[in-house]
Amino acid sequence: MKFIADAMLGRLARWLRLMGFDTLYFADISDGELLRRALDEQRTILTRDTAFLKRKTGDCVFIKSNDPFEQLDQVLKDLRPETPGKRRCANCNGVLAAVAHKGEVADSVPEYVYLNHNHFLRCGGCGNIYWEGSQYMKLMAKLEEISGNPGGRGD
Ligand SMILES: [Zn+2]
């Protein structure tokens, strides 16, 4: 299942990417363009805009809440998307791959990170590096907890 999120769902889009879902998001995109890409690429539209529902074109899900946790909960519960095996970059939706040799990222991460970590992921799109303990990886773990336990934030 692939998604395209409207401009009001930036955080949800980033979180879905971290969970591995192919999710397009543009902070600035017209309704027509969003719809066109959704149809072309067979993506489910996630929107806070009721106008989309009235058009009745394409696969469209109205996201009820303003709260990103509740938004994610709704997507996982209502659509029950199959969890992808790979992860994606929060920034660009590129697929993340494990870095085989730590030395490859020596120049790309802060020194304390390099010295304290051994496992890194690199985005095939923008080249962004992710590592255990980074803000994004912590978020990934939290999101995994949520997805494995729908219905609560686990706190
Ligand atoms: Zn990227």
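This report describes the strand pairing and helix packing in a predicted model.

Residues are numbered from 1 along each chain as its sequence is written. Local features need pLDDT of at least 70, side-chain atom pairs count only at pLDDT 80 or more, and totals for chains, interfaces and linings use all residues. Helices (H or I, at least four residues) and strands (E, at least two) are DSSP runs, numbered from the N terminus. Two strands pair if DSSP finds at least two bridges between them.

An open sheet of four strands has parallel pairing and the order 2-1-3-4. Strand 2 (23-25) and strand 4 (60-62) are at the edges with a single partner strand each, so one side of each has no neighbour in the sheet. From one strand to the next the twist averages 25°, with axes fitted as lines to C-alpha atoms, for helices over the stretch in contact, and angles running from 0 to 180 degrees between N-to-C directions. Within this sheet, F3 stands opposite T23 in strand 2.

| Helix | Strands touched | Angle between directions |
|---|---|---|
| Helix 1 (residues 10-18) | strand 1, strand 2, strand 3 (44-47) | about 150° with strand 2 |
| Helix 2 (residues 31-40) | strand 1, strand 2, strand 3 | about 175° with strand 1 |

Strand 6 pairs antiparallel with strand 5 (residues 96-98) over three bridges, and L96 stands opposite C123. Three antiparallel bridges also link strand 6 to strand 7 (residues 129-131), where F120 faces W131. Five residues separate strand 6 and strand 7 in a hairpin, and G127 in the turn has a positive phi of about 85°. In strand 6 (residues 120-123), F120 and R122 on one side and L121 and C123 on the other are all buried (20 or more other C-beta atoms, placed from the backbone, within 10 Å of the residue's own).

Methods. A residue is buried if 20 or more other C-beta atoms lie within 10 Å of its own, exposed if 12 or fewer, and partly exposed in between; C-beta atoms are placed from the backbone. Two residues are in contact if their C-beta atoms, placed from the backbone, lie within 7 Å.
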